Amino acid sequence: DMLRFVSTAKQRKGKCHTMFKNASRNLAMAVLTKRSMSHHAPNPEKLKATISKLQNFMDKEVYPIEPEVLKHMMSADRWTVPPIIETLKEKAKAEGLWNPWVPVEIDPEVKYGQGFSNEEYALLAEIMGHIPFSPEIFNSNAPDTGNMEVLIKYGSEEQKAKWLTPLLEGKIRSAFAMTEPAVASSDATNICSTIRRDGDEYVLNGRKWFTSGAMDPRCKICIFMGKTSDSPDTPVHLRQSMIFVPMPHPGVKIIRPLTVYGYDDAPHGHAEIEFKDVRVPASNLVLGEGRGFEIAQGRLGPGRIHHCMRLIGMAERAIALFCKRVSSRVAFGKPLSEQGTIRRDIADSRIAIDTARLLVLHAARRIDEVGAGKARAEIAQAKAVTPRAVEGVIDKAIQAHGAGGFTDDHPLAYLWSGARWLRMADGPDEVHLEQLAKMELKRHSPRPARKA
């Protein structure tokens, strides 16, 4: 049945999604989908139907508007939301494609999402990943998914009523303020912004940057991470806390939007922000003082995998463009597709994509089985490998496009900037490799001799 479903998907009219263009990949996706369903899904037909609906929606609704949205993102009005995005969000809701990211492990009664596991959602996120702005249409975009997960897992009933409900409905957007320009924030113990108790309020001070989502005119809440204790008696990983800051706020000043290789990702953007004597109610604290690292690990683990899932989709689009380009160009007397170096690049790209996909699916499954905390090794592997693999695939596709690959005439330069950025976002490669090495060394370290 799954093979017939894939075959039917390949024959669909309209713009063909590259997910189904390669025969061997079709078989792999069928096997992975079937395995995922047999292990997790209470309703296998629902997942299959959702994959089909999402693919059709992308083909009919999202691909056709891509030029319009990208043009808006480069215009003087780019800090406003393209009206077509809000229109498509309502259509996605009506199609039952809303909030598929919410994992059933934190939503067992399926109050918030669609009841999919992380592994199942990986198949949907890959489809969305072909177009970077498309996840928002299905309310599955960062940083909102991570912030909603914080609220679902750790939020009080008051906090959920204020912010989770409108976020789940797509009525507002959010930001996450953790990284600081003055310190090496990949070691979060360096974070020096402060959260100080003053009666029934907390007072926040600090400068953050790459605060994703803060430029969006719909941003109404920001999660701020800072120190609630500087005492040497407090363990270093219990000094940080997280707190909700309503946006806009008189003490919050947007210094500037930041760019990544020239792209500012309008309208949500990445902001540098000054928090100066920002007062918020004590009830806005998340979970309790000193719980910041605990919350961060619960938030960032699944979030890292979400990024990797979407990256696979970006790579699939890149390799499809790569193959199309070299099949239509001639150099030195024969098509580029017949040149040995080009064929090797195509083969290496396919190997890189499928290798990364398997790591991502394995990490997602481990999160489903044991939770993000115990799946740290698998998450680290996927996060370290996938952005590098995808960056390499897109780079090869750019090279095959010649000078045009470096321009906005093709989506490759923008896709490459996103892949390269994700080697730093949510933790740089070096941190994940260091963590993985520590776990591997511990696994092979000599065990203490048993006492007689």
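Predicted model: local features only at pLDDT ≥ 70, side-chain atom pairs only at ≥ 80, totals over all residues.
1. Residues are numbered from 1 along each chain as its sequence is written, and side-chain values use heavy atoms, with hydrogens and water left out.

2. Start with the overall picture: 14 helices and 9 strands. Helices (H or I, at least four residues) and strands (E, at least two) are DSSP runs, numbered from the N terminus. The radius of gyration is 22 Å, close to the 22 Å that the globule rule gives for 452 residues, so the protein is as compact as a globular protein of that length. That radius is taken over C-alpha atoms, and the rule is 2.2 Å times the number of residues to the power 0.38. The C-alpha trace spans about 75 × 75 × 45 Å along its principal axes.

3. Next, look at the strands, which count as paired if DSSP finds at least two bridges between them. Strand β3 (residues 201-212) runs antiparallel to β2 (residues 194-198), with 5 bridges, and pairs in the antiparallel sense with β7 (residues 270-281) over 9 bridges. Tyr202 is a handy landmark: its bridge partners are Arg197 and, in β7, Val280. Between β2 and β3 the hairpin has 2 residues, and Gly199 takes a positive phi near 65 degrees. On β7 you will also find β6 (residues 252-257), paired in the antiparallel sense over 5 bridges, with Lys253 partnered by Glu274.

4. Buried residues (under 20% relative accessible area, 1.4 Å probe, protein chains only) make up 55% of the 452 residues. A nonpolar core is a set of buried Ala, Val, Leu, Ile, Met, Phe, Trp, Tyr and Cys residues joined through side-chain atoms within 4.5 Å. The largest has 71 residues, and Ile137, Phe138 and Ile305 touch the most other members. Apart from it lies another core of 25 residues, including Phe322 and Ile398.

5. Finally, see how helix α6 (residues 118-128) packs with α11 (residues 340-370): the angle is about 140 degrees and the axes are 7 Å apart. Axes are lines fitted to C-alpha atoms over the stretch in contact, and angles run from 0 to 180 degrees between N-to-C directions. Among the residues making the contact are Leu123 of α6 and Leu361 of α11.

Notes:
Buried < 20%, exposed > 50% of the residue type's maximum accessible area, 1.4 Å probe, protein only. Contact = heavy atoms within 4.5 Å.
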